[in-house]
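Subject: Structure for your review

Dear colleague,

Please find below the structure that I am handing over to you. My notes on it follow directly after.

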Amino acid sequence: MLKTIRALVARAGVPFAGALIASPFLLSTAAAQGSMAGAGEFMGLALRNFTPYHSLAGGLLLGVATAMSMVIKGDILGISGIVGGVVKGKHGEANRWLFIAGLVTGGTALKTLYPAALGATEAPMWRSAVAGLLVGAGVTWGNGCTSGHGICGNARLSSRSMGYTLIFMGSGFVSASLMQSGSSIAFASAPIPSTQDLTTLAFQILGLHLLAYLAVTGMATAKMIQQNAARSLVTFMDGSLFALGLGLSGMTSPLKVAQFLDVSSGSWDPSLMFVMGGALLLNLPLMQGIIMSGALQKPMLNRTFSYPPPRAMDTKLIVGGVLFGAGWGLGGACPGPAIVGLLSPSPVMLVWNVTFLLGIFGANASGW
């Protein structure tokens, strides 16, 4: 069974990564044709709450944060790994807290800059509790989530990451559709801004962060500040930019994720594919053409690039992917958006985060 899954992933790997990048543009063409015909359908599914431009803009910001983490520090930006490390006893590592502080800071800024990103989530408490627990255990055994595997790993064309992504996506669709998550979760927020206002805001956020990245690396190169301090500042900025990208993309809404995964009602919101596609649009050529090819020998503020060597899929990874996808589909949240979601006036996200941490703790304590 395991050999069969490995063979399928190896055969589907590059086409899968290409599909993640190409799918948003194919979907937008289909949506445009559907709109002109008065239909708005894709493969027989009615498109609902579809926000291609907002999701693509947010995805590009996520891609920039991920790329800056690798180019400047040589580090993978994996949120479940960063948060999970705190639970697993690495709470003394300041950079983990700095990244989380960046997420919270970016989330706080969303309240003013983009109120539509933060709203009141409503769902049965049991659903949020079980979802958080499954996601926590899943990302622990699977060693990652939508950021570490979905963006960073797929950009490396890692067979483990591509396999894990296929598994958690499939599990998520099954879980959300069976449990009708798209109609069981509610999210009330301010209306999203126009495309023009979104574009202006996205460029402002991007420009400000790029200037900050440039200033910090420049001061470190000129030895005005120590490299350790510079890396810490970059880590904070990574968290801030990532949170803002999540907000603009719409991924801070559990309902939006649930409506991507739940097709039980005959409708679909494909916006999440634009988020993944936008992030990979930057990171795939960066990893393949510049970093893994050796064109860039080392990070700007570190000695080596830090990413795992190629490894085969194993049972633990598969189980982790199934559990993560099941929890993701049930609750519509994964680690990054859920942490930012704590800034929303909703006890549902608090419950999710508590059980998420318990899931990490339990899976780690199992010794598997």
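A residue is called buried when its relative accessible area is under 20%, exposed when it is over 50%, and partly exposed in between, using a 1.4 Å probe and protein chains only. At 0% relative accessibility, Ala-155 therefore counts as buried.

The model is predicted, so local features need pLDDT of at least 70 and side-chain atom pairs count only at pLDDT 80 or more, whereas totals for chains, interfaces and linings use all residues. Residues are numbered from 1 along each chain as its sequence is written, and side-chain values use heavy atoms, with hydrogens and water left out.

Overall composition

The protein chain holds 15 helices and five strands. Helices (H or I, at least four residues) and strands (E, at least two) are DSSP runs, numbered from the N terminus. Of the 368 residues in the chain, 55% count as buried. Contact here means heavy atoms within 4.5 Å. Among contacts with a separation of 6 or more, 83% are between residues 24 or more positions apart.

The sheet

Three strands make up an open sheet with mixed pairing, in the order E1-E2-E5. Strand E1 (41-42) and strand E5 (267-268) are at the edges with a single partner strand each, so one side of each has no neighbour in the sheet. Two strands count as paired if DSSP finds at least two bridges between them. E1 and strand E2 (residues 45-47) run antiparallel and are joined by two bridges. Phe-42 has Leu-45 of E2 as its bridge partner.

Helices H7 and H11

Two packed helices are described by the angle between their axes and the distance between the axes. For helix H7 (residues 159-178) and helix H11 (residues 254-261), the angle is about 100° and the axes are 8 Å apart. H7 and H11 are therefore roughly perpendicular to each other. From H7, the contact uses Met-169, Gly-172, Phe-173, Ala-176 and Ser-177, and from H11 it uses Ala-258, Phe-260 and Leu-261. These residues divide into six nonpolar, two polar and no charged.

The terms in this section are set as follows. Axes are lines fitted to C-alpha atoms, for helices over the stretch in contact, and angles run from 0 to 180 degrees between N-to-C directions. Angles under 35 degrees count as roughly parallel, over 145 as roughly antiparallel, 65 to 115 as roughly perpendicular and the rest as oblique. Ala, Val, Leu, Ile, Met, Phe, Trp, Tyr, Cys and Pro count as nonpolar, Asp, Glu, Lys and Arg as charged, and the others, Gly among them, as polar.

H11 is largely enclosed by the rest of the structure, because eight of its eight residues are buried. Lys-256 and Gln-259 are among the buried residues of H11.

The expected span of a helix is 1.5 Å times one less than its number of residues. Helix H2 (residues 52-73) has 22 residues and reaches 31 Å from its first C-alpha to its last, close to the expected 32 Å. H2 is mostly covered, with 19 of its 22 residues buried.

The 19 residues of helix H15 (residues 347-365) should span 27 Å, and the end C-alpha atoms are 27 Å apart, which agrees. The buried residues of H15 include Trp-352, Asn-353 and Phe-356. The buried residues of H15 pack against helix H3 (79-87), strand E3 (120-122), helix H5 (125-142), H11 and helix H14 (335-340). Gly-367 follows H15 and has a positive phi, near 80°.

Individual residues

Ala-155 lies in helix H6 (residues 148-155). Leaving aside neighbours within four places in sequence, Ala-155 is in contact with Leu-280, Asn-283, Leu-284, Met-287 and Gln-288. Ala-155 and Leu-286 are 131 residues apart in sequence, and their C-alpha atoms are 8.1 Å apart.

Ser-181 belongs to helix H8 (residues 181-184) and is buried, with a relative accessible area of 0%. Not counting residues up to four places away in sequence, Ser-181 touches Arg-127, Ala-176, Ala-258, Asp-262, Gly-329 and Leu-330.

Most residues other than glycine have a negative phi. Asn-143, in the loop between H5 and H6, has a positive phi near 55° and is partly exposed at 48% relative accessibility. Leu-157, in the loop between H6 and H7, has a positive phi of about 55° and is partly exposed at 27% relative accessibility.

Yours sincerely
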